[in-house]
Amino acid sequence: AMAVALSTVSAETHHHIRARPVEDNLKEKLKNKKPSKVNRSLKSKASKKKKKDKLQTTFSVGFNDDYEVMSGWIKIEMDKDDNMDIEYMIDNGPESCSDCYLAIMDESDCDDAGGADTLYSSSDDDDAGNPWSEGGDGAVSTTSSGDGAGSILGVNSGHDFDDHHCKVVVVIGPEPESSSDSWSKSSKSRKRQLKSHKSHKSSEDDDLNILLCGVLHKPGKTDDC
């Protein structure tokens with residue numbers, strides 16, 4: 001009887017000793033288990049909802065002869081509803097400009113931007129009007145030294161991301177006050193006056209012209225346009 005009892009104890013003891021490593025291994029596996037494909041897929045979909053499409057450009061220096069050292073850049077983020085958040089920076093532009101503004105044109109070449117329409121389509125619930133006009137949502141300003149920087153939020157032109165990709169964006173502003181003589185005597189001037197039409201400018205805007213121009217492209221993808 002004693003032998004049988006010892007044998008039973010020995011078997012039970014041996015069973016428990018063997019079971020502990022199995023439990024430890026199971027805990028370790030659970031600890032190191034990677035999220036399932038379903039979880040990763042849900043995370044991926046959630047991140048895509050928050051993602052915004054981006055466009056940007058660095059303006060060409062010397063586009064306008066009266067502002068030969070004027071420079072700047074623009075960055076745009078567009079959400080799924082085609083609302084744009086715009087960041088801009090301008091250096092050496094018109095001093096204390098209160099009627100300067102940004103405009104995205106329905107054109108892909110800066111040399112033809114002056115004769116192009118703005119990239120804008122109105123809708124029935126559009127209360128803001130054309131953002132690419134003087135006093136519109138694309139308005140920018142400069143300091144007494146001709147510099148300016150800022151953010152413009154929630155701009156909507158009635159067009160989606162693909163419509164804006166590879167289109168030109170311009171900075172529009174006044175001619176220098178002392179430029180009237182230089183315009184008449186210089187046939188080589190690179191002044192780009194804007195096309196006069198109802199959707200873009202009124203007769204009061206005839207003295208406004210393009211100061212800077214650049215082609216909107218995806219970040220790091222300048223060769224796509």
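This is a predicted model: local features need pLDDT of at least 70, side-chain atom pairs count only at pLDDT 80 or more; totals for chains, interfaces and linings use all residues.

A residue counts as buried under 20% relative accessible area, as exposed over 50%, and as partly exposed in between. C225 shows how the middle class works: its relative accessible area is 44%, so C225 is partly exposed. Its disulfide partner, C166, has a relative accessible area of 16% and is therefore buried.

The sulfur atoms of C166 and C225 lie 2.0 Å apart. The torsion about their S-S bond is -85°, and the link is left-handed.

Another is formed by C110 and C213, with 2.1 Å between the sulfur atoms. Here the S-S torsion is about -90°, so this disulfide is left-handed. The pair links distant parts of the chain, 103 residues apart: C110 is in the loop between β4 (100-104) and β5 (139-140), and C213 is in strand β9 (residues 208-215). Both of these cysteines are buried.

The disulfide between C97 and C100 has an S to S distance of 1.9 Å. Its torsion is about 105°, so the disulfide is right-handed. C97 and C100 are both buried. When the bonded cysteines are counted along the chain, the disulfides follow the pattern 1-2, 3-5, 4-6.

What is the burial state of the residues of β4? Five of its five residues are buried, and the strand is mostly covered.

β4 pairs with two strands named here. It runs antiparallel to β5, to which two bridges join it, and C100 stands opposite V140 in that strand. With β7 the pairing is also antiparallel, over four bridges. There, L102 stands opposite V171.

Strand β9, which holds C213, also contains N209. N209 has a relative accessible area of 1%, so it is buried. Its side chain makes a polar contact of 2.7 Å with the side chain of N64. The C-alpha atoms of N209 and E175 are separated by 6.8 Å, although the two residues are 34 residues apart along the chain.

Confidence in the model should be read alongside these details. The mean pLDDT of the protein is 77, and 61% of its residues reach 70 or more. Over residues 4-19 the pLDDT is below 50, and this stretch has zero contacts in the model beyond near neighbours in sequence. For residues 179-191 the pLDDT also stays under 50, but the model gives this stretch 14 contacts beyond four places in sequence.

Key. Residues are numbered from 1 along each chain as its sequence is written. Side-chain values use heavy atoms; hydrogens and water are left out. A disulfide is a pair of cysteine sulfur atoms within 2.5 Å. Buried means under 20% relative accessible area, exposed over 50%, partly exposed in between (1.4 Å probe, protein chains only). Two strands pair if DSSP finds at least two bridges between them. pLDDT is the predictor's confidence in each residue, from 0 to 100. Contact means heavy atoms within 4.5 Å. A polar contact is a pair of N or O atoms within 3.5 Å; within protein, one must be able to donate a hydrogen and the other to accept it, and residues adjacent in sequence count only if both atoms are side-chain atoms.
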